[in-house]
Amino acid sequence: MSNAAPQLGPSVRFTLTVKSGPDSGRSYQLLPPKVTIGRDPGNHIPLKDPRVSRNQMAVEFRPDRIVAIDLSSRRNVLINGKASPETPLKDGDLIAIGESELVFRIEVVAPRTAQLQMVSAPAPHQHHGELQLERSHRPGGLGPHVDPRRSAPSPRRSVKNSEGAKKFRFYLILIIVAAGVVYMLQGPSAPPKKEPGLRTSEEIEAEIRSSEERQVVLSKQREFKSEAERARYEEAQTHYMQGFRDFQKENYSRAMRSFETARAIDPGHEMAKRYYTLATRRRDEFVERHLIEGRRYKEKNMYSRCVAAIDKALKTLGEMSEQNLKVKEAKVLRDECEALMKARF
């Protein structure tokens with residue numbers, strides 16, 4: 001009776017192990033099509049490192065490769081010490097984010113084999129042969145004589161069959177492992193996400209109208225103690241809506257001024273408070289993104305593009321003091337790129 005077919009487990013495993021940082025020692029298995037990493041608990045791999053962004057990076061499985069994607073514009077993801085928006089990953093790559101270091105591993109796991117031990121009686125002719133052989137060696141042997149060469153199995157043939165079975169099993173496992181790797185790498189990838197901020201003017205206007213409608217509802221729900229308070233709210237509302245329009249057009253510094261004016265006129269204007277905080281965050285992210293672009297252009301000797309990217313950051317920083325650390329950083333980088341550009345000609 002033949003042995004049961006082998007049961008095969010997973011053939012390839014992708015893991016991230018935290019080498020250093022608050023989560024040191026933890027290891028995570030990565031599953032296609034995409035794994036997100038960051039400080040936010042909603043990520044597939046949440047990290048406790050305070051220097052890591054809420055949504056720091058993602059590992060995406062594509063048909064031809066596995067890539068690490070930098071999702072944060074404030075803090076770089078370094079792969080083997082180098083920063084890039086997208087980096088193909090290979091076994092042993094070191095990923096540095098915040099104060100944490102993670103090691104990417106590709107492990108080929110040998111499939112598990114399980115064989116059912118079948119208990120059965122020997123074949124009739126073998127049993128008969130062994131019985132006859134045993135009798136022939138008794139004193140005054142009973143029954144006809146049996147040639148031992150015919151009843152005993154050939155040791156040489158058994159060894160050859162065993163070696164052939166081992167080779168067949170090895171090549172079968174090898175084929176299954178290769179098929180598993182190909183299937184995993186060619187599996188369905190996540191649908192491309194729309195880049196934030198890339199919206200049409202119609203979408204922006206629709207959001208502005210929606211905000212105006214919400215404000216009308218809130219004003220009706222709010223109880224004013226006097227007509228003077230209502231008048232202050234309406235004046236603050238005018239500044240808020242102007243700030244909201246600027247916010248949608250990524251004019252964050254000007255939007256912040258409008259929100260701040262609305263809050264000064266009406267301290268109880270909750271939407272102005274909320275969007276002032278959000279505009280501050282978006283401004284900082286916008287500035288950091290263009291500073292990163294400037295550095296990358298500088299590394300590629302594309303100095304005119306470096307200057308253009310830094311000019312966008314400085315324009316967004318607006319009227320901030322020249323003593324501000326971010327303003328200083330932007331100006332130093334711009335001056336360096338401009339000097340390198342002039343030295344070229």
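In this predicted model, Arg 283, Phe 286, Val 287, His 290, Leu 291, Glu 293, Gly 294, Tyr 297 and Lys 298 of helix α7 meet Tyr 303, Arg 305, Cys 306, Ala 309, Ile 310, Lys 312, Ala 313, Thr 316 and Leu 317 of helix α8, where contact means heavy atoms within 4.5 Å. The residues of this contact divide into 10 nonpolar, three polar and five charged (Ala, Val, Leu, Ile, Met, Phe, Trp, Tyr, Cys and Pro count as nonpolar, Asp, Glu, Lys and Arg as charged, the others, Gly among them, as polar).

As for ground rules, residues are numbered from 1 along each chain as its sequence is written, and side-chain values use heavy atoms, leaving out hydrogens and water. Local features need pLDDT of at least 70 and side-chain atom pairs count only at pLDDT 80 or more, while totals for chains, interfaces and linings use all residues.

**Helix packing**
- The axes of α7 (residues 270-299) and α8 (residues 303-317) come within 8 Å and cross at roughly 165 degrees; axes are lines fitted to C-alpha atoms over the stretch in contact, with angles from 0 to 180 degrees between N-to-C directions.
- That makes α7 roughly antiparallel to α8 (angles over 145 degrees).
- Helices (H or I, at least four residues) and strands (E, at least two) are DSSP runs, numbered from the N terminus.

**Aromatic pairs**
- The whole structure holds 10 aromatic pairs, meaning rings of Phe, Tyr and Trp (its six-membered ring) with centres within 6.5 Å; planes over 60 degrees apart count as edge-to-face.
- Tyr 240 and Tyr 275 are edge-to-face, with ring centres 6.1 Å apart and planes at 65 degrees.
- This pair links distant parts of the chain, as Tyr 240 sits in helix α5 (residues 227-248) and Tyr 275 in α7, 35 residues apart.
- Phe 247 also pairs edge-to-face with Tyr 275, at 5.3 Å centre to centre and 85 degrees between the planes.
- Phe 247 lies in α5 and Tyr 275 in α7, so the pair ties together parts 28 residues apart in sequence.
- Ring pairs join Tyr 240, Phe 244, Phe 247, Tyr 252, Phe 259, Tyr 275 and Phe 286 into a cluster.

**Backbone features**
- Most residues other than glycine have a negative phi, and most peptide bonds are trans.
- Pro 32 and Pro 33 are joined by a cis peptide bond, with omega about 5 degrees.
- Asn 301, in the loop between α7 and α8, has a positive phi near 65 degrees.

Definitions and conventions. Parallel < 35°, antiparallel > 145°, perpendicular 65-115°, else oblique. Phe/Tyr/Trp six-rings, centres within 6.5 Å; stacked < 30°, edge-to-face > 60°.
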